[in-house]
Amino acid sequence: MKDSAPGTVYLSDYAPFGWLIESVHLEFDLDPDATRVKSRIVFSPNLNSPEQEFFLHGENLKLISARIDGTAISPRITREGLTCPVPDGEFLFEAEVEINPAANTALEGLYLSNGMFCTQCEAEGFRKITFYPDRPDVMAVFTVAINGSAGVLLSNGNPGPRGAGHALWHDPWPKPSYLFALVAGDLVAHSDRFTTASGRRVDLNIWVRPGGDEDKCAFAMGALKRAMQWDEQVYGREYDLDVFNIVAVDDFNMGAMENKGLNVFNSAAVLASPETSTDANFERIEAIIAHEYFHNWTGNRITCRDWFQLCLKEGLTVFRDAQFTANMRSAPVKRIRDVIDLRARQFPEDNGPLAHPVRPDHFQKINNFYTATVYEKGAEVIGMLKRLVGDKAYAEALELYFARFDGQAITIEDWLSVFEDVTRRELCQFLRWYTQAGTPRVSVKEEYDSGTYTLTFTQSTPPSAASPVQRPQIISIAVGLLGANGDEVVPTQMLELTKDSQSFTFEGLSGRPVPSILRDFSAPVILEHEISDAERAFLLAHDTDPFNRWEAGQALARETLCYMATSDARPNPDYLEGLRTVLRDDSLDPAYRALMLGLPGESEIALALSAHGIIPDPEAIHAARERLLDALAEALAGDLPALLDANAVRERYSPDAAQSGRRALFTAALALWSRRDGGARAASEYAAADNMTLQLGALGALLAVGRGEAETAAFYEQWRHERLVIDKWFAIQISHAAPDAAVAKTRALVQHPDFNWKNPNRFRAVLGALAGNHGGFHSRDGRGYALFADWLLTLDPVNPQTAARMCTAFQSWRHYDGGRQMLIGAQLDRIATAGGRSKDMAEMIARIRAARPQ
């Protein structure tokens, strides 16, 4: 892979590194402004590589000395790295460099977070620590010595000899440099133990700062132990080191990082207590803890050959953590939430200027491809593969996968090969899910004649710059047929659509059935099925598939909102009556009923209108959604008080699924009831709340009806010393602001003394909330666009990775009217021509500006 020079990197150019690494020894002399890093690396020629030039990545490094086999050398240093002549055989390369962690505001490589040394090396951060072949296919055994005055000195692997100001760590498992980690600081541990199925005793530690975070680790520790046990039981994977460390870090660009044996977590993804964390926070922590732990095998022991194969580890691990959450909590609720997230984040990406295949074929900055397509769509593709081959074959293929590729860096073709070997089934067509961009659209037509029922499916995927030629994919379509009384006359069957158009016939039926199509969202596609509102209402009331029952309600809500946003149409009475039926069914999970009360988001309605050739009006969409919420509150007024009383949790707080579900239904009902009583009960619930879920839910209900000023001020005074809670305080005010007030509210909050824009969590809490306020961000006068662009330009020189990822707020700009396009285009031009832009930002803005009307 020709990655030694700047510019575009292509998958087709891949070549293995020209040298193998026998061992790596690193020694760190820690200093905030002048850390010294000494490396001793044994290289030998790689006979399978055509590369001739010895090149080591290195950025922002001050070279003190370099030697080969003990002899001083004078290598050529560029902005990208180091080159020098090397012997023909095995040799020892030694270097000493100096780096400045305190000046590293990009949070990549070795940096400081409130005085604590911390690393983040994925994807290309290790090159900011020392000279090295910083690519995932170069794997080696690391030994690390750390010298420093910090109380705790941590790195990968198992601990070795240590003393005052010194620690030695050895990782016996070969790993790529992106999995290297080092943490040093004044930390305390929340500790426990886990005994593996084979009897290995593993010491577990969650390291936090003293003086406030020690009491927020218990839930994460329990989640870790549950994940370890689950991975043994479901995938047969045991942990392979003597210790597993997690460190909570305030300044972190991502959610967490799976470094071998030393996971580094954003504090928001590990610290939790009932008083400071919502039920959603607890569930997210449980999922992220599991995700990073599962990477130990799907990412660490078996890693990706190159960064184009990023979905190999991320898609598979997201799928595994989704399985885990479904087992720990409600499987239908988890599935629905995943689809909500997919449609909100990945579908717009797939149908806009940032579209790319699950496995892209080129990039400029790999940081820009940590996307919903790689993660969420990558997981959906694996779920579809599992449905196609069946549970038994999936389990056999994974067992073969671990046995065949342990300790290797591999490709998507290698991944699919184990399924081909187990099933004796050729998967070339399935590979298109990894190589074609875009969301397939599947249309369906029905025919019924004398007991014979036929479904004809047609697939198409709009061409794009990323995939100008689209070929038919294999699509798993789960179908069930319902009779007139709601009974299943044909239980779920898995159909395989492999052609542009295909028909499937069901015979021996006593009457025309109502189809339930794409059950459990069996493929990441857009289903186009023209059915009547009465049939959707029937599915909402009777469908035996939980996902499709919810989907019927969402389809009715989407259509209703689209009509209401473009006309004086009134809410669909079938939708209102269907929701009433669902809410009155106490046999249904409260969390599921809470999801039923949720309406599609405003951006989703905008994209739905655009897909039908209608230019969306953000103001009209917001007004329509408000009218529908008012209509829901009116239609359900007779049910809401009893629903609130039945789901008020008065027992001791627990973040378990049962209590969380009741609180979810309670807060959803409270938000609607506040539209009837003016927020009186919400104010009472806020005053009495003893946990963050209810307190924040009540505050949101008040803000949504134009109240809550006093409660907002009180909330800040109560929690001003809890940084993660104050992130919530910032975000909720902007999220619930009326469109015409959102920009002004944001402008006021960025002046608040607690707005530390250099902290990624705080920046996302404020500017991310503005981007998420659809009507406010798309204010007709362009103030939202200008303010957002101002802060992207401010952040980019300091933290390019976070700034570039926030650019996605502009990705759907071509869906809007000419005036808004002109205003957004002006901001994109301003960013594109600004001096000192990072490569991360430049690539993202160039891709977004290249968008053309759909």
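Analyst: Strands themselves are DSSP runs of E with at least two residues, helices are runs of H or I with at least four, and both are numbered from the N terminus. Keep in mind that this is a predicted model, where local features need pLDDT of at least 70, side-chain atom pairs count only at pLDDT 80 or more, and totals for chains, interfaces and linings use all residues. Residues are numbered from 1 along each chain as its sequence is written, and side-chain values use heavy atoms, with hydrogens and water left out.

User: Which strands make up the open sheet, and in what order?

Analyst: There are four, in the order 10-11-16-13, with antiparallel pairing. Strand 10 (109-113) and strand 13 (152-155) are the edges, since each pairs on one side only. On average, neighbouring strands here are turned by 20 degrees against each other, direction ignored; the axes are lines fitted to C-alpha atoms, and angles run from 0 to 180 degrees between N-to-C directions.

User: How do you know that strand 13 and strand 16 are paired?

Analyst: Four bridges join them, running antiparallel, and the rule asks for at least two.

User: What makes strand 5 and strand 6 a pair?

Analyst: Two bridges join strand 5 to strand 6 (residues 71-72), antiparallel, and at least two is what the rule requires. They form a hairpin with two residues between them, and Asp69 in the turn has a positive phi of about 50 degrees. Ile68 has Thr71 as its bridge partner in strand 6, and Ile68 also stands opposite Phe93 in strand 9. Strand 5 (residues 62-68) and strand 9 (residues 91-99) pair over six bridges, again in the antiparallel sense.

User: Why is the pair of Phe28 and Phe180 called stacked?

Analyst: Rings of Phe, Tyr and Trp (its six-membered ring) pair if their centres lie within 6.5 Å; planes under 30 degrees apart count as stacked, over 60 as edge-to-face and the rest as tilted. The count by this rule is 50 aromatic pairs. Phe28 and Phe180 have ring centres 5.8 Å apart and planes at 10 degrees, so they're stacked. Phe28 is in strand 2 (residues 19-29) and Phe180 in the loop between strand 15 (166-175) and strand 16 (182-185), 152 residues apart.

User: Why is the pair of Tyr453 and Phe506 called tilted?

Analyst: Their centres are 6.5 Å apart and their planes at 40 degrees, so the label is tilted. Tyr453 is in strand 26 and Phe506 in strand 29 (residues 501-506), 53 residues apart. Both Tyr453 and Phe506 are buried.

User: Why is Arg424 called exposed?

Analyst: Because its relative accessible area is 73%, and the cut-off is over 50%. Arg424 lies in the loop between helix 7 (412-423) and helix 8 (432-435), with a positive phi near 55 degrees.

Notes. Buried means under 20% relative accessible area, exposed over 50%, partly exposed in between (1.4 Å probe, protein chains only).
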